[in-house]
Amino acid sequence: MDRTLIKFSHCDKDIYRFSDHNICEEPDAQSTHAFESKLRLLRCPVCFERLRFNLLEAPVSIPCPFKNGHNVPCAFNIGSMYGPLHISEYDESELHIGITNSKGVVYNYTLTGIRRDESGWEKCVSVPLVQSDRYSLKELWDSELEKFSLLASWAPQRFYEEREFGSRCYAFALTFINHMRATEGKL
Ligand SMILES: [Zn+2]
């Protein structure tokens, strides 16, 4: 969670690495403990040349995009069923979407129906949807989310059904957000 993402340019590409990523280090880098000398030994993962930067191309650090979804109330969460390492375009694991209530419980639609997860979303992309000082809206959010998850639409056997906003976990989350927008408009 506290890993820093570093971006630099080399080989006409933008390259992103975690600061503690050591694939490109020389084998003997472990023996030198100074971070600076480690940095000097870093190689570009594309051309394997040692990295040297002038001021303009110096690496910049990017805040980690992953948050603990259970700490972000009333949010839209993007994660993976198989953990954050699987949030990528390379493997078969699909992204999974969930909505947190104000207590950090993540409601998500799966093949077994609606799940209320109190753990498992520790590393995901979380987009908060309700301002923290809107207490009455947060209360309404929780009661509506609970009611909404009990609807027959989210039965396990209807998991693959196509709906207004696609299917599966995505349909559940987006339909709920739309429902809340409509409900809030009536307040
Ligand atoms: Zn390079």
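**Exercise 1. Determine how helix α2 (residues 135-149) and helix α3 (residues 168-185) pack against each other.**

Solution. In this predicted model, the axes of α2 and α3 lie 11 Å apart and meet at an angle of about 130°, where axes are lines fitted to C-alpha atoms over the stretch in contact and angles run from 0 to 180 degrees between N-to-C directions. That makes α2 oblique to α3, since angles under 35 degrees count as roughly parallel, over 145 as roughly antiparallel, 65 to 115 as roughly perpendicular and the rest as oblique. The next step is the contact itself (heavy atoms within 4.5 Å): α2 contributes residues including Leu137, Trp141 and Phe148, and α3 contributes residues including Phe172, Phe176 and Met180. Helices here are DSSP runs (H or I) of at least four residues and strands are runs (E) of at least two, numbered from the N terminus.

The numbering of residues starts from 1 along each chain as its sequence is written. Local features need pLDDT of at least 70 and side-chain atom pairs pLDDT 80 or more, while totals for chains, interfaces and linings use all residues, and side-chain values use heavy atoms, with hydrogens and water left out.

**Exercise 2. Work out which atoms hold the zinc ion and in what arrangement.**

Solution. Begin with the donors, which are N, O and S atoms within 2.8 Å of the metal (3.2 Å for Na, K and Ca): they are ND1 of His10 and the SG atoms of Cys11, Cys44 and Cys47, at 2.0 to 2.4 Å. The angles between these 4 donor atoms are 102 to 123°, so the arrangement is tetrahedral, a term that requires all angles to lie between 85 and 135 degrees. Along the sequence the spacing reads H-C-x32-C-x2-C. Because His10 belongs to strand β1 (residues 5-10) and Cys44 to the loop between α1 (35-41) and β3 (60-62), the pair ties together parts that are 34 residues apart in sequence. Both His10 and Cys44 are buried, that is, under 20% relative accessible area, whereas exposed means over 50% and partly exposed in between (1.4 Å probe, protein chains only).

**Exercise 3. Describe the backbone and the accessibility of Cys11 and Phe48.**

Solution. Most residues other than glycine have a negative phi.

Methods:
Four donors count as tetrahedral if all angles lie between 85 and 135 degrees; four count as square planar and six as octahedral if opposite donors are over 155 degrees apart and all others between 65 and 115; anything else is irregular.
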